[in-house]
Structure formats: structure tokens, C-alpha cells
Amino acid sequence: MLQMTQTRGKGEKSDVCFADALLNPSASFGGLYTFSTLPHLTPQMLQEFENLSYTELCKRVFEILGLGLDEGLLDFALQAYEGFDETSAPVRLAHYDENLSILELYHGPTRAFKDMALQPFGRLIQTLARGKQYLILVATSGDTGPATLESFAREQLGEDYSIKVVCLYPKDGTSDVQRLQMVTQDSANLKVLGIKGNFDDAQHTLKFLLQDSEFVKFLQDRGIALSAANSVNIGRVAFQIIYHIWAYCQLCKDGTLTRMQPLNLIVPSGNFGNILGGFYAKKMGVPLGKLISASNANNILYDFITTGVYDIRHRQLLKTSSPAMDIIKSSNVERVLFELFGARRTKECMRSLQDNGVYALDSVELEALQRYFAASFCDDEQCKSLIAKSFAKGYLLDPHTACGIKAYEEFVKKGTQNQGQGTKGEMGEKFLLCSTAEWSKFAPTVAEALGAKSGTSTNGETSEGLGDKEAIEFILSLGGSLSPHIAKVFDKPIVHKEVVEIPEVKRVIMQWLS
Ligand SMILES: *Cc1c(COP(=O)(O)O)cnc(C)c1O
């Protein structure tokens, strides 16, 4: 069985197996658990994969990785995908134009790609916990919260109450749909709290609680272990490798690619977990070309990948229409550093980021990074015009995926400079774009892009803009179609009405647990 290794080296915590890293995700020196070795998938294996179903492929790859999960457990976890739109595969491939395919990762219950990992992950954690009491804390800017709550809702888990989830969201920081997806959850093991603050405050509160001695003792006295379901959990990353491999194999099978032809991957990125799955797939021998990170105006990943300098000193978080990518500290970059430069250097960079707000790769390191990665970013105006342009071609994009289209248009023109490929799009470089959310989660932006006028108040000033419901109706009137998962959130009763001041959060959670 594979032992996980640690990105900042082995210190006070030992290397553990995959299952233990799921339950206790933080490693020595504040680092992350990660794979100690990655197996090689041969061209012949990839060809065999073309004929596996999605879940068969997942089981096969986990076996090759040596994750040591027993088959019954993994089967139970993968049954979560039966609640997705199609039973044959949880994801869908669309062909956008002759060089670009789109991998739609949002066909799960909460309509964002987080479901791809969090749905099976919830079932894994529940089983691995073996009846022990766990409290899972999650802070969300909008998509992780709904996906985590959905995954741990009692209906999903049978009548098991051993895992409780507390979800903190910024009161005015999410879309209506995202908020309703959380506050209408009626399972008794879930607690949702709006906080008077922004996403950073929510995340900060969570980190504070994880270390607060009174809070930790309170939980210990009740036999409750504390865990976090944030995107750095290696259990989530493992599931995010599979769809990149699946897409490559299916594109070979349907003739879009010839076998072993390079495929450039574009991923709208924030915490870098999705693209990290693609990076691992490439390291395992899947013929992916460049891994292209797409950002919005918060373009720190673009700066890092193009210059090798990760500098947060003069950065302010900007509010954009693709909020899941509004990020300054992108956690999973650490796993890439580890894979390319080893634990010692990773620890050094992470310490420098913490102490000085910056680290810089040298030119050799930058070259190594750029052998794998490229980057692009897109402002809100460009994003909206791309939504309109794509809709005219018959494809409805969410704002995050639209940032990926910007990257495609840029790189198909200038080429990715992959070795062994033509440098120009005319010579047929192929691209795959991960679509990370359905339009319905970000309807006001999409409606505005498609020409909806925001409301005008009586005194003639333009009001805040459309609400989600009006925006959805507008888009439906243009011919979109709405998933029943989204339609139902407007009708469900609101269960969680509490909005609290930050210092109140601890007391409210302790009261709920008593
Ligand atoms: C979470 C999220 C992202 C960013 O994914 P990372 O794995 O954190 O890079 C992008 N788009 C949407 C819609 C998301 O919910």
C-alpha cells in the first residue's frame, strides 16, 4: 500500500496511508500530504481504459496508485455518482469547435465541479470514521459549502449522525442560488451560519477555531474529532485525477484525438486543485500538453507561472463575476512545488511566503514549471463578451468557464510552444477546457452578458442588478434549460436563518453541539 509523503518534509507527524490522510489532512510544518510516487500508465493501458466505464476507470486507477481502499468501500463511494445527470458517466464532453472540447464537470447535485470529488469523498469519510464522531468545518465563498453539505446530508448517508458539518458563509458574499443551496439543507447533522464579514473572515474564523484551546477541549470532552473538508485534502485531489484521464481516453475513442496526440488542458483555477489533478495525470503518462491555468482579474497564478515570483505583498482581493477564482493564496501550488523541487525547497518557499509575503523561483526552476504550465487571465468585461459570443454559437457558459475560453482564444492563436507540436493553431493543436460550473449558479452575470437590463428604481438610479430568480427566468426565455436541482432551491423552506457576528461563531457552534 502506498504511503503518503509530506510536502514540507517529515517532522512531528509521520507518513500515513491514504485513508489516514483523509481523516487528518494536515501534515508536518503546516504542509500537505501527497503521493510519494506516481505510477506510469503505458500507452497500452490508456488504450484499454477507453473501454472502461467512468467508475471502472476510477477503481482501476486507484488500484494502480496503490491507495489501499477496499473494493466494497470504493464501490460504496462511487455510488454517489448515481445521483448525477447520467448514469453512464458523471461528466459529459461537448465539442465547442474543431480544436476545443469542453469537459463539463458540473452535472452533480450542486452544479459545480466540487461535486466530482466531494460526493464520493463524503461517503469515504463516513465509512472510514467507523462511527466515531467527527465535526467537519467548512468556510465557503459559494461552491464548496453547498457541495460539502450535500455530500454529508443524512439522506446521502443513511441514518448516520456521526459526522456533523458546520458551514460558514459570508452573509452578502454568495449568489442567491448558492445561499439557498446551503440554508435550505434540512438534515439535522448540518449547521449553516452566515457571518457578518467576507470570505477571508469566514476562513480566518475557521482557522482560529481549529486552534482555539477552549473549542478543541470542548470537542475532546465530547469525543468529537475535528476535520476539515477543504480543497487541500488529498482525498479530494485523488478523485480529480480521474476525469482528466477519462476525457483523454474518450477523445481518442471518438476520434477527436489520435492515440498519444498531445492535448492541452485549460482549467479555470483558484486553489489549484482541479489543475493539480491534470498535472498528476500528465506525470503518470497521459499525453497532456500544456496545463493552462485560467484566472480572472485576481491574476496571481498568471504572474507566478509567467515570472516565477509569487508575491502577495501588494495584492488586494478584487471582487469579480467569477468569485470561485477570487484568490490570493492558492493552496495546491505547494504540491506542484513539492513534485518539481522536493520537500526542502517547498518548505523554504512556503516559509518565505508566510514571513515575507513572497518567494521567487530561480531561472532553472521557472523553466521546469513552464515545461508543464502556462497561464492566462480575463477581466469581467471580456468575460461577459465571451459569454455572449459563445451563446450566439449555441453554447451557454458560466463566468468561470468563460475565463477558460479567453485562454483558449489566446493560445490557439499564439500556440503553446509544446515540443513536438505545431506552434500554430492552424496546425491543429487540440485543447480541452474544464467547465467548472453550470450557468445557473451565476445567472445574474450571465443574464447581463446576454443583454438583460438591470432594474431601475423609482428615483431613476440603477439598482443593484437582477436577482438570481429573475436572471434565470430571463435566460430560460432565451432558450436555456434549468436543472431541477436548481429549480427546487427556490421552493424549499429556509432552515438556517442565523447570521452572526464573528466573535459569536464559537458560542453558537458549541451551543448547537450541546
Ligand atoms: C472551486 C472552483 C474553481 C477553482 O477550482 P480550484 O480547484 O480551487 O482551482 C473554479 N470554478 C468554479 C466554479 C469553482 O467552484
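Contact here means heavy atoms within 4.5 Å. Keep that in mind for Ser162. This is a predicted model.

Ser162 sits in the loop between helix H7 (154-157) and strand E6 (163-170). Leave aside its neighbours within four places in sequence. Ser162 then contacts Gly131, Lys132, Gln133 and Tyr134. Is Ser162 buried or exposed? Its relative accessible area is 4%. The cut-off for buried is under 20%, so Ser162 counts as buried.

Next, strand E9, residues 263-268. How many of its six residues are buried? Six of the six, so E9 is largely enclosed by the rest of the structure. In a regular strand, side chains alternate between the two faces of the sheet. Take the faces of E9 in turn. On one side are Leu263, Leu265 and Val267, all buried. On the other are Asn264, Ile266 and Pro268, also buried. Both faces are covered, then.

Which strands pair with E9? One is strand E10, residues 288-295, parallel, over five bridges. Within that pairing, Leu263 has Leu288 of E10 as its bridge partner. The chain gets from E9 to E10 through helix H12, residues 273-283. That β-α-β crossover is right-handed. E9 also pairs with strand E14, residues 430-435. This pairing is parallel too, over four bridges. Here Asn264 stands opposite Phe431 of E14.

Now the cores. In soluble globular proteins, nonpolar side chains tend to be buried together. In this model, the largest nonpolar core has 115 residues. Which members touch the most others? Phe35, Phe62, Ile245, Tyr359 and Phe373. Helix H11, residues 234-253, gives this core its largest share, 14 residues. Look at Phe62 in detail. Set aside residues up to four places away in sequence. Phe62 touches Leu67, Leu69, Leu74, Ala238, Phe239 and Ile242.

Last, the second largest pocket. Its volume is about 1100 Å³. The lining has 36 residues. Which of them lie nearest the centre? Asp172, Gly173, Thr174, Lys319 and Thr320. Four helices each supply at least two lining residues: H8 (176-183), H9 (199-211), H16 (380-392) and H18 (443-449). The largest share, four residues, comes from H18.

Notes:
Residues numbered from 1 in each chain as written. Predicted model: local features only at pLDDT ≥ 70, side-chain atom pairs only at ≥ 80, totals over all residues. Heavy atoms only, no water. Core = buried A, V, L, I, M, F, W, Y, C linked by side-chain atoms within 4.5 Å. Buried < 20%, exposed > 50% of the residue type's maximum accessible area, 1.4 Å probe, protein only. Pairing = 2+ DSSP bridges. Right-handed = clockwise from strand over helix to strand, strands pointing away. 1 Å grid on protein atoms, 1.4 Å probe; cavity = no way out; pocket = protein on both sides within 12 Å on 5 of 7 lines; lining within 4 Å. Points joined across faces, edges and corners; volume = space filled by probe spheres on them.
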